[in-house]
Amino acid sequence: MLSQEISKRWLEFFKDRGHTVIPSASLVSNQPGAMFTIAGMVPFIPYFLGQETPEFSRATSVQKCIRTLDIDEVGKTARHGTFFQMAGNFSFGDYFKAEVIPWAYELLTTSVDQGGFGLDPERLWVTVYEGDDEAYDIWTNKVGFPAERIQKMGMGENYWSTGQPGPAGPDSEIFYDRGPAYGKDGGPAVDDDRYIEIWNLVFMQYQRGEGTGKDSFEILGELPKKNIDTGLGVERLAMLLQGVENFYETDQVRPVLDAASKLSGKKYHGSENADDEGYEDDVRMRVVADHIRSSLMLIADGVTPSNEGRGYILRRLMRRAIRAMRLLGVTEPCLPVLFPASRDAMGGAFPVVINDFERISRIAYAEEKAFLRTIESGTERLDEAVKHAKASGQAMVSGEEAFTLHDTYGFPIDLTLEMAEEAGVKVDEKAFRELMEEQRHRAQADAKAKKGAHADLSAFRELADERGSIFTGYDELKTETTL
Ligand code: ATP
Ligand code: MG
Ligand code: MG
Ligand code: MG
């Protein structure tokens, strides 16, 4: 089943159950303090907080999402993309657990012929919050789900809140067992790679008081109007229904991976473990496939590469993809091949990437050219430093030099390390990291000063917990990831 068909069936199922179909909002979040839309519920936050009243009490959507928080997982786990689509159904003071739990089970297990997703019920596992007897009872008695495959977890795993006073409540997650070849027995509490999380059902039920962290706050009482917020990963379901091994091999992502493989002449092995044959290159191809698609979708939503905010994230994603291609041996421009591949894969679900491709590709290709120039000028400077190091008899490029390359020339440290190694000299990486750390502290101090001045903007930054730091976008890419 194609990803687009999954989305279509999802919307039909919930439309049939009285939900208003809401088109995906932009990836560029309009919520205060949030950089990107990181979950299906984000566009509905004002309704959940009771600040606005919707014209409908039930809604459904397939929302475009960007989670930069997951960037280090990309290519390595089977299930994380930076761009993905979250299918959701929402109740604003309307139905609650007794409706949503049976619906979720019905949609997942109804046969494909009958309009469902046809998952084998025996493969499903469920987690519930240990204090939520109501959800447990609905799963076991109303749905008839076997108790052996329900795991009760604590607040850290199965509780949602905004990170501050406001709505909160338990959740229940649905997992699919990929089988013993993928890991240990024992359910999702034991192995999150074998048991893939596909759907999260959040029950906004309580009013949360003051307190800190995910599990040390007061519950003030029941909310006057209880809400439902759910999210299912379209690509995760696609991966199961398409019988492929991971997110990157699904229909909307794989064509870019194949294009990267063809362009570099490197075979894709589909390896999952660090000691498997071709693992490093496989990870690179998966990163390329993911980042190119994310970049395409971000530019389509109006983001352009720059040195701050959203534009910086986009720039990082593009540069990481180009870097990964370089490590696969491709030094000439590669976006003119990869972007059209991604456009063709995404155009069915998002015609805008076809209609607006002229503009999108112009921005992308110019960015790649500029980055390749950066690499060139950085290479010259590095060659000098290498010469100098050799002449001085130390065979070591100083941390300061590596830092200047990074900071002034935009020359990534992994490239410095790799090229220095090729030239037979070392890099004082420790000193480099220390300089990076100092810079980070300076930036944090800066950010703190700014935050004080704009306290209201950060009001919802922590509306997050389990759902992956919805509002921490601006801090997410501070770790220097290397590939
Ligand atoms: P995980 O534990 O696997 O990282 P999550 O608990 O962070 O997932 P939720 O915040 O509950 O995910 O989001 C709801 C659903 O969205 C998940 O059940 C999953 O199907 C999907 N999803 C979340 N993050 C990603 C991602 N990075 N790539 C693809 N799908 C995702
Ligand atoms: Mg999870
Ligand atoms: Mg979850
Ligand atoms: Mg996550």
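Predicted model: local features only at pLDDT ≥ 70, side-chain atom pairs only at ≥ 80, totals over all residues.
Local features need pLDDT of at least 70, side-chain atom pairs count only at pLDDT 80 or more, and totals for chains, interfaces and linings use all residues. Residues are numbered from 1 along each chain as its sequence is written.

Start with the overall division. The protein has domain 1 (3-241) and domain 2 (252-427); these bounds come from an automatic or database domain assignment. Their centres, taken over C-alpha atoms, are 33 Å apart. In domain 1, 17 residues are in contact with 20 residues of domain 2. Contact means that two C-beta atoms, placed from the backbone, lie within 7 Å. On the domain 1 side, helix H1 (3-15) gives the most, with three residues. Helices (H or I, at least four residues) and strands (E, at least two) are DSSP runs, numbered from the N terminus.

Now turn to ligand 1. Of the 19 residues around ligand 1, those that come nearest are Asp70, Phe84, Asn200, Gly231 and Gly233. Here a residue counts if its C-beta atom, placed from the backbone, lies within 6 Å. Strand E8 supplies the largest share of this shell, four residues.

Finish with helix H9 (residues 309-327). Its 19 residues should span 27 Å at 1.5 Å a residue, and its end C-alpha atoms are 27 Å apart, which agrees. The expected span is 1.5 Å times one less than the number of residues. Of these residues, 14 are buried, so H9 is largely enclosed by the rest of the structure. Buried means 20 or more other C-beta atoms within 10 Å of a residue's own, exposed 12 or fewer, and partly exposed in between, with C-beta atoms placed from the backbone. Just after H9, glycine 329 takes a positive phi of about 100°.

Technical notes. Chains lettered and ligands numbered in written order.
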